[in-house]
Amino acid sequence: MMSSLDMVRLCLVQDFPAKEQTVTLPAATTFNDVVTMCSDLFGTSASKLRRFSVSLVRFAEEPRYWEAEAVAERGDWDLTKCGIADRTSVIFCAPAELKPTVARRKDRKKKNQGGGSGGEEYFKGLTPLKALRLFIGRSRATKRVLEFVDMRAAEIIQLKQFVNEMTEDAVLRFVKRDSLAVSEVELFSAVRKWSLKHAKGIGEIIKFIRFPTMTSVEVATTVAPCQVLSNDDVIQLFTYLGAKEARTATSSSSTPFPATASAAADHGTCGWMITKPRKGAAWTRFKWSTVLKSSSVQITNDSKTAMGGGNTYPMACGDVVFEPQQGIKEFSVRVDALSNNQYKLAVGVLEADGSRDQLVKGGSTLLGYGQPFGWSLLVSRGTAVRRGQQRKLGCGAVKPGDVVSVRVDTHSGQLTFLINGVVVGTPFTDLSGVPVRPAVSVMRNTCVTIVPNPVSKKSK
């Protein structure tokens with residue numbers, strides 16, 4: 001009988017980055033003993049760990065997943081009965097309510113909210129609420145604060161303090177910013193709530209809401225019912241959006257709206273509308289689809305984590321679609337665990353026309369390969385892949401704890417990859433007019449989690 005188990009990898013997925021330790025365990029060890037060891041190694045309580053879900057991952061075997069209730073029931077089992085052998089990864093994943101916020105991270109150096117390692121020292125001590133209040137103060141809104149406001153604009157407008165505390169001057173300065181990373185319709189909704197709360201009009205502010213960058217559905221369901229635009233404005237806006245969404249709109253110079261508000265003085269009642277999208281790439285909120293995925297992929301953690309399984313190229317796809325002409329879209333995934341396979345992880349986007357759904361579910365084709373089958377970054381090689389053709393980018397191999405971001409400009413068709421907030425290349429420019437969805441190929445023993453975009457940094 002085996003006296004000990006070698007190369008057992010214990011991993012704690014609660015905060016960023018994930019913590020891990022490789023140990024040798026006596027074969028007679030119970031799972032409760034493993035929990036106690038993890039609590040000592042990672043500085044957390046055993047009682048808290050028993051509220052975590054657990055995944056057991058071993059090469060060439062199907063992963064096993066235990067909910068927290070099952071973990072408590074199997075505490076007295078020995079490792080063999082649990083299915084733990086040599087080179088098994090035991091991954092403890094915290095439920096959402098036990099994941100710390102920036103304000104509660106008192107046991108280590110504070111990091112920028114939303115994970116990622118890029119620029120966290122630069123933004124040390126800032127949170128969306130603190131940045132909002134500094135922005136209101138104006139004189140205290142330094143360059144660092146303004147950059148943080150741009151980056152976290154989508155979160156800031158969701159704060160109740162945005163509605164309750166913003167002054168009219170602060171709201172005007174906010175909507176004027178060209179680099180806000182925010183959905184325009186969400187920005188309009190937040191400004192509308194602010195105006196109703198304070199019984200103020202938005203006559204001057206509305207000039208800097210970029211209605212032509214919304215969709216016709218957003219205008220019809222959110223903007224038009226508020227009656228903040230005249231009937232003529234609404235008709236002309238729908239005409240513009242209808243042409244754009246039919247892909248018949250050409251350049252901004254041929255549209256009825258000028259590119260900037262300052263150039264709009266002589267363009268009639270609609271002349272103030274700004275057609276140019278904001279420069280900020282808003283974090284795309286989505287989850288992994290529990291339907292559009294390979295059968296061997298496990299979706300856990302409120303559908304934010306995807307873990308690979310099987311022997312081919314299992315895939316997971318996001319539950320959102322980036323439609324053409326909808327501005328800049330960006331999403332990020334944190335690498336929690338990697339297998340030893342050279343094709344361990346590919347991150348990118350997949351055509352969302354439905355014709356490739358069966359290939360996704362079958363898990364037989366790696367993202368970026370096929371004729372065609374998406375665009376991807378093959379993380380083990382630092383190469384971009386399309387139709388099986390690889391292009392070397394300016395990055396090394398990705399490791400556990402790194403954050404991979406994908407930025408899609410749905411106007412120009414450019415696709416950019418970032419590692420920990422640093423741009424490593426824009427290898428593709430052929431996405432114009434193509435609806436796409438987030439996607440990953442995750443080999444067995446590979447695990448990724450959706451996270452907010454890290455702070456952007458300049459390439460070295």
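**Entry 1: classes and conventions**

I count Ala, Val, Leu, Ile, Met, Phe, Trp, Tyr, Cys and Pro as nonpolar, Asp, Glu, Lys and Arg as charged, and the others, Gly among them, as polar. The model is predicted, so I ask for pLDDT of at least 70 for local features and 80 or more for side-chain atom pairs, while totals for chains, interfaces and linings use all residues. I number residues from 1 along each chain as its sequence is written, and side-chain values use heavy atoms, with hydrogens and water left out.

**Entry 2: the chain as a whole**

I looked up the secondary structure first. The chain has 13 helices and 20 strands. These are DSSP runs numbered from the N terminus: helices are H or I with at least four residues, strands are E with at least two. Next came burial. Of the 460 residues, 53% are buried. Buried means under 20% relative accessible area, exposed means over 50%, and partly exposed lies in between (1.4 Å probe, protein chains only). I then turned to contacts, meaning heavy atoms within 4.5 Å. Among contacts between residues at least 6 apart in sequence, 67% join residues at least 24 apart.

**Entry 3: the largest cavity**

I searched for cavities on a 1 Å grid over the protein atoms alone; a cavity is a set of points where a 1.4 Å probe fits but cannot get out. Points are joined across faces, edges and corners, and a volume is the space filled by probe spheres set on the points. The structure holds four cavities of 30 Å³ or more. The largest has a volume of about 60 Å³.

Which residues line the largest cavity? I list Val-13, Ser-53, Ser-55, Tyr-65, Ile-91, Cys-93, Thr-300, Thr-305, Met-307 and Cys-447. A lining residue has an atom within 4 Å of a point. By class, this lining has six nonpolar, four polar and no charged residues. Strand 3 (53-57), strand 5 (89-93) and strand 9 (305-307) each give at least two residues to the lining.

I also checked Ser-89, which is found in strand 5. Ser-89 is buried, at 13% relative accessible area. Leaving out residues up to four places away in sequence, Ser-89 touches Arg-9, Ser-55, Leu-56 and Val-57.

**Entry 4: salt bridges**

I searched the whole structure and found 13 salt bridges. The test is a side-chain nitrogen of Lys or Arg within 4 Å of a carboxyl oxygen of Asp or Glu.

I looked at Glu-351 and Arg-386. Their closest N and O atoms are 2.8 Å apart in a salt bridge. This pair links distant parts of the chain: Glu-351 sits in strand 12 (residues 345-351) and Arg-386 in strand 14 (residues 383-386), 35 residues apart. Glu-351 is buried at 6% relative accessibility. Arg-386 is also buried, with a relative accessible area of 11%.

Arg-386 forms a salt bridge with Asp-430 too, with closest N and O atoms 3.8 Å apart. Arg-386 lies in strand 14 and Asp-430 in the loop between strand 18 (422-428) and strand 19 (436-442), so this pair ties together parts 44 residues apart in sequence. Asp-430 is partly exposed, at 39% relative accessibility. Salt bridges with shared partners join Glu-351, Arg-386 and Asp-430 into one network.

I noted Asp-402 and Lys-399 as well: their side chains meet in a salt bridge at 3.4 Å, N to O. Asp-402 is buried at 8% relative accessible area.

For the 15 residues of helix 10 that gives 21 Å; the end C-alpha atoms are 21 Å apart, which agrees.

The buried residues of helix 10 are Glu-184, Val-185, Leu-187, Phe-188, Ala-190, Val-191, Trp-194 and Ser-195. They pack against helix 8 (160-165), helix 9 (168-176) and helix 11 (216-223). Just after helix 10, Ala-199 takes a positive phi of about 50 degrees.

I found Cys-226 in the loop between helix 11 and helix 12 (231-245). Neighbours within four places aside, Cys-226 is in contact with Phe-188 and Arg-192. The C-alpha atoms of Cys-226 and Arg-192 are separated by 8.5 Å, at 34 residues apart along the chain.

**Entry 5: two Asn residues with positive phi**

Asn-301 has a positive phi of about 60 degrees although it is not a glycine. Asn-301 lies in the loop between strand 8 (298-300) and strand 9, and is buried at 14% relative accessible area.

Asn-420, not a glycine either, has a positive phi of about 55 degrees. I placed Asn-420 in the loop between strand 17 (414-419) and strand 18. Asn-420 counts as buried, at 13% relative accessibility.

Conventions
1 Å grid on protein atoms, 1.4 Å probe; cavity = no way out; pocket = protein on both sides within 12 Å on 5 of 7 lines; lining within 4 Å. Expected span 1.5 Å × (residues − 1).
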